[in-house]
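This briefing goes through one structure by topic. Each term is given its cut-offs where it is used.

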Amino acid sequence: MTWRGAVAIARKDLAIEWRTKTAFMSSLVFAVLVLAVLFFARDATAVSAFDMAPGVLWVTFTFAGMLGLNRAFLVERENRSLDGLRLSPATPTAIFLGKVAGNIVFVGVVELVSLPLFVLFYDVAIWRQVPLLIGVIAMATVAFVAVGTLLSAMVVRTRFSEVMLPVLLLPFLVPPIVSAVQLTWRILADRPLAEMTGWLSLLGSFDIVFFILSLLLFDAIITE
Amino acid sequence: MHASSDPLIVATDVSWRVGYRWIVRQVSTTVSAGEVLLLVGGNGTGKTSLIRLVAGLVRPTKGAIQRRAEVGMVAHHTMLYDALTAHENLAFVARLHGVDPARPVELLNRMGLAKAIDQRIATFSRGMLQRLAIARALLHEPRVLLLDEPLSGLDDAGSRVVVGLLEELRDQGCAVVIATHQLVELLDVATDIGFMAAGKMVEHAPVAGRDAGQVVNRYRALLEEGQ
C-alpha cells in the first residue's frame, strides 16, 4: 500500500502542477532572473564568471526550488484535502514519500531547464563531468526536498506559510548547500575525485540522516 | 431497518480540548450496524468536532474511540482538488483505496454528475460539489459513514437522492452519524438522535415513538438554552 499510495499522490500532485503550471512558471522565471542578474552584477575585471558559478548555481536551485515546495501542501490546504488523505489507507509514510517524489520531479525539472542557461551565461564546460555533476545535484536535491517537504507540511497551517518556509528551511540547508557548492567548484575545476570524498560523505550523511528523520517526524506533523 | 447490536463505533468518555477550552466533553456513545445517529444542536456545540474525533482526524484529549470498520466522511470542506476533473478526483481516491477503477463512473452516474464527469470541479456549483464529496465518501463502500451537514447546498432533487442513498446504506447495515441542522429532512432516515449542548451529548435516544414535532421542540429548546 505504501508504494501504491505514494505513486498515486505523486502522480496527482504532478497532474495538478501540469495543469496549473503556477509554481513551475514562477520557479523558472525566478531561476532565469537570478542567473542573469548575478551574471551582470559582477565586475568582470575583478571576479571571473567561473569563480562565481558554483555559488550562483546553488543559490538559483535553492531559491527556485523553495518556491515550489510550498505548493505541495498548499494544494492539500485548499479544501482540507489532507483530511481526505489521512482518512484513506495511505500511511503517513506513503503521503511523505509521495510528496517527496512529486517535489523531486518538480525541482528536478526546474534544475534541468536552469542548467543549460547556467552553462550559457557562465560559459563553464560541464560536459566531461556531467554524470558526476548530475550525481551531486541529485544528492543535494534529495536533502533539500526531504527537509523542505517536512517543513512545508509543518508551516502550511500557519497564516504566512510562504514566508515561514524559507525562514525555517534555510538554516537546515547550510550543510548540504555548502557541500554542493564545494563539490560543484571541484567538478567544474576538474579536480580529482579524492579531493571530493569528504564533501561527498557529508552530503551523503545529511541525505540519509535527514531523510530518515523527516520520515519519522512526518506522522506527528500532520496529526492534529 | 436492520439495526443490530454489532457496534461499529464505540466512544468512551471522549473529551477534546483546544488550549484551555473544552470543545467536546465526556461523550460516550455507540453506533451499531444499521443505525443512523443524528447529531443536533446549536452552532459551536461540538457536533463537527465529535465527527472529526470519530473519524480519527483529531486525537481525543481524554477517553477513547474505537472504529471497527472502514470510515467514509463528508465534511464542511469537500476534500477535493479544484484543478482536477470530477472523474480524476474520484479516480485518485479509488487508487488510494485500491478499488475497482470502474467504481468512480458508477458513482458519478448515481449522483447525477454523469454530464460533468470530465469537467474541472473549480467550475462546479456548491450542490454539485456536495454530491461529488458524497460520492468520494462512498467510493470504497465504507461500513461507517460520518456526514457533516450532508444536505448543505443541495436542491430538493439532490436532497432526495442523498436521503434515498442514506436509507439504502442504513438498510445494508452501515453505521451512519450525521451532524445537521436540517433535522426535519433527515428524521425519517434516523434511528437515533443525539442532542448536543456545550460539547456534551445531553440526550441520546431512539427516534422510534417520537413524532417530528416533539423532536423539533426539543431541538428548539436546546437552541434557546444555548443563547
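In chain B, strand 8 and strand 9 run antiparallel and are joined by 6 bridges. Helices (H or I, at least four residues) and strands (E, at least two) are DSSP runs, numbered from the N terminus, and two strands pair if DSSP finds at least two bridges between them. This is a predicted model, in which local features need pLDDT of at least 70 and side-chain atom pairs count only at pLDDT 80 or more, while totals for chains, interfaces and linings use all residues. Residues are numbered from 1 along each chain as its sequence is written, and chains are lettered from A and ligands numbered from 1 in the order in which they are written.

**Strands 8 and 9 of chain B**

- Phe195(B) has Glu203(B) of strand 9 of chain B opposite.
- Strand 8 and strand 9 of chain B make a hairpin with 2 residues between them, and Ala198(B) in the turn has a positive phi of about 50°.
- A residue is buried if 20 or more other C-beta atoms lie within 10 Å of its own, exposed if 12 or fewer, and partly exposed in between, with C-beta atoms placed from the backbone.
- Strand 8 of chain B also pairs with strand 3 of chain B, in the parallel sense and over 4 bridges.
- Within that pairing, Asp192(B) in strand 8 of chain B is the bridge partner of Leu37(B).

**The six-stranded sheet of chain B**

- The open sheet has 6 strands in the order 5-6-7-3-8-9 (chain B), and its pairing is mixed.
- Strand 5 (71-74) and strand 9 (200-206) of chain B are at the edges with a single partner strand each, so one side of each has no neighbour in the sheet.
- On average, neighbouring strands of this sheet are turned by 15° against each other, direction ignored.
- Strand 6 (residues 144-148) and strand 7 (residues 175-179) of chain B run parallel, joined by 5 bridges.
- Asp148(B) has Ala179(B) in strand 7 of chain B as its bridge partner.
- Helix 5 (residues 156-171) of chain B lies across strand 3 (36-40), strand 6 and strand 7 of chain B, and runs at about 145° to strand 7 of chain B.
- For such angles, axes are lines fitted to C-alpha atoms, for helices over the stretch in contact, and angles run from 0 to 180 degrees between N-to-C directions.

**The three-stranded sheet of chain B**

- An open sheet of 3 strands has the order 2-1-4 (chain B), and the pairing is antiparallel.
- Its edge strands are strand 2 and strand 4 (62-67) of chain B, each pairing on one side only.
- Strand 1 (residues 7-18) and strand 2 (residues 21-32) of chain B are joined by 8 bridges, with Trp16(B) opposite Val24(B) in strand 2 of chain B.
- These two strands, strand 1 and strand 2 of chain B, form a hairpin with 2 residues between them, and Gly19(B) in the turn has a positive phi of about 65°.
- Strand 1 of chain B is joined to strand 4 of chain B by 5 bridges, and Ala11(B) stands opposite Ile65(B) in strand 4 of chain B.

**Nonpolar core**

- In soluble globular proteins, nonpolar side chains tend to be buried together.
- A nonpolar core is a set of buried Ala, Val, Leu, Ile, Met, Phe, Trp, Tyr and Cys residues joined through C-beta atoms within 7 Å.
- The largest such core has 135 residues, and Leu132(B), Leu146(B) and Val176(B) touch the most other members.
- Helix 6 (residues 130-155) of chain A supplies the largest share of this core, 13 residues.

- Chain A has 8 helices and 0 strands.
- Buried residues make up 43% of the 224 residues in chain A.
- The C-alpha trace of chain A spans about 60 × 35 × 30 Å along its principal axes.
- The contact between the chains takes 22 residues from chain A and 22 residues from chain B, where two residues are in contact if their C-beta atoms, placed from the backbone, lie within 7 Å.
- Helix 1 of chain A gives the most to the side of chain A that touches chain B, with 8 residues.
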